[in-house]
There are 2 protein chains.
Amino acid sequence: MATESNIDRESSTLLPVADDPLCKEASLTSLDSWITPTDRYYVRNHFSHVPALDLSSWRLEVDGLVDQPISLAFDDVARLPGRELAFTMECAGNSRSYVTPPAEGLAFRHGAVSTASWKGVSLRAVLEMAGVQETATSVVFEGADRGEEEEDGVAFELSYRRSLPLAKALDDDTLLAFEMNGEPITTNHGFPLRLIVPSWYGMASVKWLTRVHLTDQVLDGFFQQRRYVMINEGREDSLEREPVTTVLVKSLIASPRHGEVIQYPSFTIRGFAWSGEGQVARVEVSTDGGRTWADSMLLGEPTPHAWREWELAWQVPSSGHYLLMSRATDSAGNVQPGSIAWNFRGYANNSIHTIAVEAPAGKPIPS
Amino acid sequence: MATESNIDRESSTLLPVADDPLCKEASLTSLDSWITPTDRYYVRNHFSHVPALDLSSWRLEVDGLVDQPISLAFDDVARLPGRELAFTMECAGNSRSYVTPPAEGLAFRHGAVSTASWKGVSLRAVLEMAGVQETATSVVFEGADRGEEEEDGVAFELSYRRSLPLAKALDDDTLLAFEMNGEPITTNHGFPLRLIVPSWYGMASVKWLTRVHLTDQVLDGFFQQRRYVMINEGREDSLEREPVTTVLVKSLIASPRHGEVIQYPSFTIRGFAWSGEGQVARVEVSTDGGRTWADSMLLGEPTPHAWREWELAWQVPSSGHYLLMSRATDSAGNVQPGSIAWNFRGYANNSIHTIAVEAPAGKPIPS
C-alpha cells in the first residue's frame with residue numbers, strides 16, 4: 001500500500017527515494033527539531049558518482065568577467081570573515097508525489113526539506129577579491145559532480161552547473177559554506193565547499209563547488225534550462241519556461257502523521273512553516289477538512305531564512321475520522337493554495353498539506 | 001518513480017497490486033477491446049487462500065426465510081433457463097491511488113475495471129424454487145473464501161459475506177453465473193458459481209458462491225459494515241455509514257497513456273465510459289487542462305450494463321505539453337466531478353481522469 005501510513009514509524013533515519021542518483025528524504029515524524037540533525041537532512045544528488053574530494057588538492061577557480069582570475073585553496077576561503085546562518089532548504093521536487101496527474105521526476109513525498117546551520121564566508125568577499133567587471137550579469141557555479149543524462153534517447157555527459165543573477169550572488173547571505181551544523185560538510189552534502197543560496201529551492205545550492213564563472217550570457221545548461229523550469233500545460237511555442245527560484249510559502253503537519261490513531265480527547269497538532277519570500281506571518285489549521293480554520297501559535301522567534309515551528313492544541317470533539325490541514329501565510333501576503341497549477345515535472349508543490357487521522361470509537365467487530 | 005508512466009508498456013498481462021490477497025489490475029493501455037479477455041480481467045481476492053472447489057461435491061444452499069430450504073448441485077443450477085449479459089465490473093477501490101490525502105486500502109491505479117460476458121441463470125429463478133417468504137427483506141450471499149482479518153489489533157476468522165436488498169436480488173439481471181467469456185469461470189474469478197450484480201461495484205458479485213440466505217435482518221458483517229462503506233470526514237457520532245452500492249459515472253482515457261510522447265500533428269484519443277445509474281449519454285474531452293471541452297464520438301451501440309467506447313480525433317496544434325481529460329455524463333444526468341469528497345478508504349473515485357502528454361519539439365540538448 002503506497003500511502004504515507006506505511007512509513008516506518010520507528011526509524012529515525014532517512015527514507016529512500018532513489019539509489020541512483022542517491023536520494024533520501026526525512027520522515028515527517030522525524031521533523032521534531034528546529035535544526036535538522038545532519039543524519040536526518042534530506043539528500044538529493046544528481047549523478048551516480050558522489051565526488052570524494054581531497055582537501056589538499058581541491059581548488060576553487062573564479063574566472064570569466066573578472067579583473068583577475070583567481071584560484072583559491074581551501075584555507076584561502078576559510079580565512080575570510082566568517083558568516084553563519086540557519087537556512088531551511090527545500091528540494092524543488094518536494095511533495096511531487098502528491099501532484100495530479102503524476103509528474104515526471106523522483107517521487108519525493110513531503111520530507112525533502114531540512115534546516116541546518118551553515119557556516120562559511122559571503123560569496124561576495126570572494127567575488128570582490130577577483131573584481132567583478134561591469135559587464136557581468138550572472139554567475140555560473142560548477143560542482144565536481146559529473147555524470148550522464150539522457151534526453152530524447154540521446155545520452156550525454158555533463159557536470160552539475162547552475163547560474164545565479166549577479167545581484168543574488170552579491171547578497172551577503174549567499175554563502176560559500178564549509179560547515180554544516182558545526183562540523184565539516186559531509187560528503188553527501190558537498191564537502192568541502194557548498195554554495196548556499198537562502199530563500200531559493202535547493203537546486204541553487206551547488207555542492208562540491210569548484211568553479212565560479214562570471215558572465216554576461218544566459219546559461220544554456222541542462223540543469224538550468226531542461227530541469228528546474230516550470231513546464232506548464234500549453235503550446236510549446238507560446239511557453240516561457242519560467243525558472244524555479246524562490247521557495248513558495250508552505251507548511252507541513254509533522255504530528256500527527258497521516259493515518260495515525262490519535263490520542264483522545266486532546267492532541268497537540270504541530271509542524272513547520274517557511275517561505276522564501278518573507279517571514280511566516282500566520283499558520284492556520286483546520287480540523288474539519290477546510291470548512292473552518294484556527295490560528296496556530298507560532299513558536300520561538302522569527303529567523304530570516306529558516307522555518308518556524310507552530311502548534312495548535314486540539315480538543316477532539318468526538319470519535320471519528322478527521323481531515324487536518326495547515327495553511328501558511330507569509331509577510332508578503334502569499335497564502336498556500338488548495339492545489340497548484342500542474343507543471344510537467346511537479347516542481348514547487350506548496351499546496352495545503354492535508355492528512356487524515358482517526359479518533360477511535362472502540363466498537364465491537366462484526367463477524 | 002511511482003507514476004503511471006512507469007507501467008510496463010509492452011505487457012499484455014496484469015499489473016500486480018498485492019500478493020496476499022492476490023490482486024491484479026489491467027494496464028490502461030491494454031484496454032483495447034470492449035470485452036476484456038479473461039487473462040486481462042482484474043483480480044480482487046479478499047483472503048490468502050483461493051478456494052479450489054470440486055464441481056461434484058459443490059452445493060448451493062438456499063435457506064433462511066424461504067418456504068423450503070434447498071440444496072442444489074451444479075447441474076441443478078445449470079439446467080435452469082440461461083441468461084447472458086455483458087457487464088462492466090469496477091472495483092470499489094479502483095483509482096484509489098489518486099485520492100488525496102492517500103486513502104487506506106490496496107493501491108489500485110485505474111485498471112480495476114473490466115468487462116466480461118457472464119452466462120448463468122437469474123438468481124430469481126433459484127429464489128422462486130425455494131419460495132421467498134413475505135417477511136424477507138434482504139439476501140445474504142456467502143462465498144467459500146475464508147480467512148483472517150484484523151481490526152484494532154484483534155485478529156479474527158471470517159468468510160466473505162455480502163447482502164443485497166431483496167428487490168435487487170430479484171432483478172432478472174442479477175445472475176448466478178457459471179461462464180465468463182464463453183468458458184467456465186476460472187478459479188480466481190469464482191469457479192464454479194459467481195453472483196453477478198450488474199450496476200453495483202464488484203464487491204457485490206460474490207465469488208465461489210455456496211450459500212444464499214434470506215433474512216429480515218441487516219447483515220452486521222465485516223465486509224458489509226467495516227468495508228465498502230463511505231467513512232467520511234467528521235464526528236463518528238454523526239456518521240451514517242453509507243454503503244457503497246451503485247457504480248458512479250466514470251470514464252478513462254486508454255490511449256494515449258499518461259506521459260506518452262504522442263504522434264504529431266494528429267492523434268486519436270480513445271477510452272471507455274460507464275455508469276451504474278444509466279447509459280453513458282456523453283463523453284467530453286479536454287485537451288487544454290479543462291478550459292474547453294469537445295464531445296467525443298460514442299462508438300458501437302449502448303448496452304445496458306457495459307461500458308461504451310469513445311474516441312476523439314485530436315489535431316495537435318503545436319509541440320508542447322498537454323493535459324488531456326475525459327468527463328462522462330450518464331442518462332440520469334450525473335457528471336464526473338473534478339474531485340471526490342474524501343472518504344477514509346478511498347472508495348468510488350470517479351473524478352475526472354487527467355493525463356499529461358508531450359508533443360515533441362525536437363530541439364537541441366543544452367550541455
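Two strands are said to pair if DSSP finds at least two bridges between them. In this predicted model, strand β4 (residues 60-64) of chain A is joined to strand β13 (residues 209-215) of chain A by four bridges, and the two strands run parallel. One of the residues involved is Gly64(A), whose bridge partner in β13(A) is Leu214(A).

**The sheet and its helix**

The strands β4 and β13 belong to an open sheet of five strands in chain A, ordered β5-β4-β13-β8-β9, in which the pairing is mixed. Strands β5 (70-72) and β9 (154-165) of chain A form the edges, each pairing on one side only. From one strand to the next, the twist averages 25°.

Helix α2(A) packs on this sheet and touches β4, β5, β8 (138-151) and β13 of chain A, while its direction makes about 135° with that of β5(A). Which residues of helix α2 (residues 123-130) of chain A are buried? They are Leu123(A), Val126(A), Leu127(A) and Ala130(A). These residues lie on the same side of α2(A) because they cover an arc of only 100° around the axis. In general, an α-helix has 3.6 residues a turn, so residues three or four places apart point the same way. Just after α2(A), Gly131(A) adopts a positive phi of about 85°.

**The annotated region**

An unreviewed UniProt entry places the feature "domain: Oxidoreductase molybdopterin-binding" at residues 49-222 of chain A. Over residues 49-222, chain A is 10% helix and 41% strand, and the end C-alpha atoms are 18 Å apart.

**A buried histidine in chain B**

His321(B) is located in strand β23 (residues 320-330) of chain B. Its relative accessibility is 2%, so His321(B) counts as buried. Leaving aside residues up to four places away in sequence, His321(B) touches residues of chain A, namely Ile231(A), Asn232(A), Glu233(A), Gly234(A), Glu236(A), Arg241(A) and Phe344(A), as well as Val357(B) and Glu358(B).

**Cysteines**

A disulfide is a covalent bond between the sulfur atoms of two cysteines. How many disulfides does a search of the whole structure find over all chains? The search finds zero.

Terms used
Residues numbered from 1 in each chain as written. Chains lettered and ligands numbered in written order. Predicted model: local features only at pLDDT ≥ 70, side-chain atom pairs only at ≥ 80, totals over all residues. Heavy atoms only, no water. Buried < 20%, exposed > 50% of the residue type's maximum accessible area, 1.4 Å probe, protein only. Arc of directions from axis to C-beta. Axes fitted to C-alpha atoms, helices over the stretch in contact; angles between N-to-C directions. Contact = heavy atoms within 4.5 Å. UniProt positions renumbered as here; feature names shortened; annotations may be inferred. Disulfide = S-S within 2.5 Å.
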